[in-house]
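My entries follow in the order in which I looked things up.

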Amino acid sequence: MTDERLETTWQPAIRKSDGPLYLAIADAIAADISEGRLSEGMRLPPQRALAEMLGIDFTTVSRAYNEARHRGLVEGRVGQGTYVKTRRPRTSRAPTGGLVDMSMNLPPLFDDPMLAARLWDDMAALQADHGLELLMRYQPPGGAPHNRAAGAAWLKPRLGAVPTERVLVCAGAQGALLATIGSLAKAGEMICAEAITYPGLRALAAHLGIRLQGLSLDHEGLVPEAFEDLCSKETPKALYCNPTLHNPTTATLSLGRRQAIVAIARRHGVAIIEDDAYGALPAATPGPLAALAPDLVYYIGGLAKCLSPALRIAYLVVPDSRSSVRIEGAIRATVGMASPLAAAIAARWIEDGTADAVLAAIRGETAARQRIVAELLPAGVAQTNPHAFHAWLRPPPPWTRGELSTRLQAAGISVVASDAFALGAPPEAVRLGLGAAASHAELRRSLLVITDLIGQSPAASSFVV
């Protein structure tokens, strides 16, 4: 049931000196919802009635209601009017009731129903913006100009201004990696990478018949001297690296190391593939390698970790127009194009500020989960970072990675052993994904199980009959 009195009795408290009136009205709606003066399901005054009440023109009120609708505060019902929006259910994942899959490195779900509603509303609004054309037409392999421009805007805080012709829209980071590696190396040739690296790179190299050579890394990331030593003996076609919040160790290269790696690559004529999957998560980090050497680096800025895994969209920034033509050819020959629908959703979220809001929400939830990690895991056992939603756990001897993984699996917790990441002898370590837990309570339970288990000897916790 709606409150009919609201049509004539609700009036926003605004002053004409507060800036644009339509924004002041939208802000008043938000404030009154927050303070309980407007509740879910209540009907707002008709736009013409509110315009007369405030002594302003109809267009201003219409813009205000549209702004409030865009923020997820209100909804229009055909033939009925504008209503305060009913809050959607909580966005947290349902408790698993069984296996806690900490093997998946997912961004944590945030609990903000209004922001979640805004995401869905933006998707629904694509029909008005693009019509049937979006659904019934192919797009260029590297993406439509509008979507390339959105990618350039999204990456600008990290890379600075990038010409849109150097930005390609790809089917996720894996699609960008496939196109890049396929254009830089042939079967039998070598690409080097951190000795502990992204499993998707290992799978792709195996598929293409490309040799991978591991380079040593420490708690700060890739060791430049190892790269220099390899380049003095071999001729790698490219260096693949993950400089910020490295997967799986969370190490972040210092500016000095980044500069040293760029200098080595330039000296030996080695292209760099920079996978910056997690680069948007910290508020401030050393500049990407692509900002230091834009003529040398193929930069992959995926949206899966900082916005939405469901989009399967990544922006690939290439060194020059010749590279762009070559990579577009590789995209055409493999995946054809990224999904135009997903690219349009990403562009809309970037342009209207929704993407920034989601990134802020992911950062906030990540920080909350990292506080739980700091509280529950023993000091020195895990390498992690306040901005990362994964951790690299090195169990104390005599635990081995295999024994710990098996015992955790029996306890209902799935993790990834270092074997999945290693290009050489795997270290005794496992990766914990902190974002997949349905709630803080579930994350706490999982970490307590891990802490209790590694606090015992493997023999003491074994139960075999």
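**Entry 1: tyrosine 298**

I began with tyrosine 298, which I found in strand β11, the strand that covers residues 297-302. I keep in mind throughout that this is a predicted model. Is tyrosine 298 buried or exposed? I looked up its relative accessible area, which is 4%, and tyrosine 298 is therefore buried, since the cut-off for that word is under 20%. I then searched for a polar partner and noted that the side chain of tyrosine 298 makes a polar contact of 3.4 Å with the side chain of serine 323. I also took the C-alpha separation between tyrosine 298 and threonine 82, which is 48 Å for two residues that lie 216 residues apart along the chain.

**Entry 2: helix α10**

Next I turned to helix α10, residues 199-208, where I noted Gly200, Leu201, Leu204 and Ala205 as buried. These residues lie on the same side of α10, because they cover an arc of only 130° around the axis. On the other side of α10 I found Ala206 and His207, both exposed. What do the buried residues of α10 pack against? I listed α9 (172-184) together with the strands β5 (190-194), β6 (211-215) and β9 (238-241). Just after the helix I checked the backbone of glycine 209, which takes a positive phi of about 75°.

**Entry 3: serine 446**

I moved on to serine 446, which sits in helix α18, residues 440-454. Where does the side chain of serine 446 reach? I traced it to the backbone oxygen of glutamate 442, at 2.9 Å. Leaving aside residues up to four places away in sequence, I recorded that serine 446 touches Val100, Met102 and Ile413.

**Entry 4: the whole protein**

Last, I looked at the protein as a whole, which has 19 helices and 17 strands, and whose C-alpha trace spans about 80 × 60 × 40 Å along its principal axes. Of its 465 residues, 50% count as buried. Among the contacts with a separation of 6 or more, I noted that 73% are between residues 24 or more positions apart. The protein exposes about 20,500 Å², of which carbon and sulfur atoms supply 56%.

How values were computed. Residues numbered from 1 in each chain as written. Predicted model: local features only at pLDDT ≥ 70, side-chain atom pairs only at ≥ 80, totals over all residues. Heavy atoms only, no water. Helix = DSSP H or I, 4+ residues; strand = E, 2+ residues; numbered from the N terminus. Buried < 20%, exposed > 50% of the residue type's maximum accessible area, 1.4 Å probe, protein only. Polar contact = N/O pair within 3.5 Å; in protein donor to acceptor, adjacent residues only side chain to side chain. Contact = heavy atoms within 4.5 Å. Areas by Shrake-Rupley, 256 points an atom, 1.4 Å probe, with all protein chains shown as cover. Arc of directions from axis to C-beta.
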